[in-house]
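Please look through the sequence and the model that follow, keeping both in view while reading.

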Amino acid sequence: MNSILSLIFWLLSIAAFVMCAWALIHALRIPTRAFPAAGKQTKPLWLIILGFATLFTFAGAVNYYGMGMPGLLTIISVIAAGIYLADVKPAVNEYRGGGGSQGPYGPW
């Protein structure tokens, strides 16, 4: 029974790491001016928050803490990445740079 719970917590830790890494990569790709234009915190602040979140979830995924359950920092990291993905990402997506067409439903 203990090994099944350990496997479940390890899979949740991997999912948390992937979520934080996805948010960090997205924040890196968005232009700096997009964050204040969307009314959100600055890009450097979000990069710091998401960088630490990715670090903490990675440490939890490789069981750096030496415990089977996610720690408090891992839970806080998931909340921070969730806020970014649910609130900031949709607001700054429209400011993503890039030329060319965006598809049949976007500007050409």
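Ile4, Leu5, Ile8 and Leu12 together make up a nonpolar surface patch whose accessible area is about 360 Å², areas being computed by the Shrake-Rupley method with a 1.4 Å probe and only the protein chains shown counting as cover. Such a patch takes residues with over 30% relative accessible area and no salt bridge, and joins nonpolar side chains (Val, Leu, Ile, Met, Phe, Trp, Tyr) within 5 Å, or like charges within 9 Å; a salt bridge is a side-chain nitrogen of Lys or Arg within 4 Å of a carboxyl oxygen of Asp or Glu. The model is predicted, so local features need pLDDT of at least 70 and side-chain atom pairs count only at pLDDT 80 or more, while totals for chains, interfaces and linings use all residues. Residues are numbered from 1 along each chain as its sequence is written, and side-chain values use heavy atoms, leaving out hydrogens and water.

Ile8 lies in helix H1, helices being DSSP runs of H or I with at least four residues, numbered from the N terminus. With a relative accessible area of 42%, Ile8 is partly exposed, because that class lies between buried, under 20%, and exposed, over 50% (1.4 Å probe, protein chains only).

Helix H1, residues 2–29, also holds His26, which counts as buried at 5% relative accessibility. Leaving aside residues up to four places away in sequence, His26 is in contact (heavy atoms within 4.5 Å) with Tyr84, Lys89, Val92, Asn93 and Arg96.

The unreviewed UniProt entry annotates residues 6–25, 45–62 and 68–86 as "transmembrane region", although such annotations may be inferred rather than shown by experiment. In the model, residues 6–25 are 100% helix and 0% strand, with end C-alpha atoms 28 Å apart.

Methods
Helix = DSSP H or I, 4+ residues; strand = E, 2+ residues; numbered from the N terminus.
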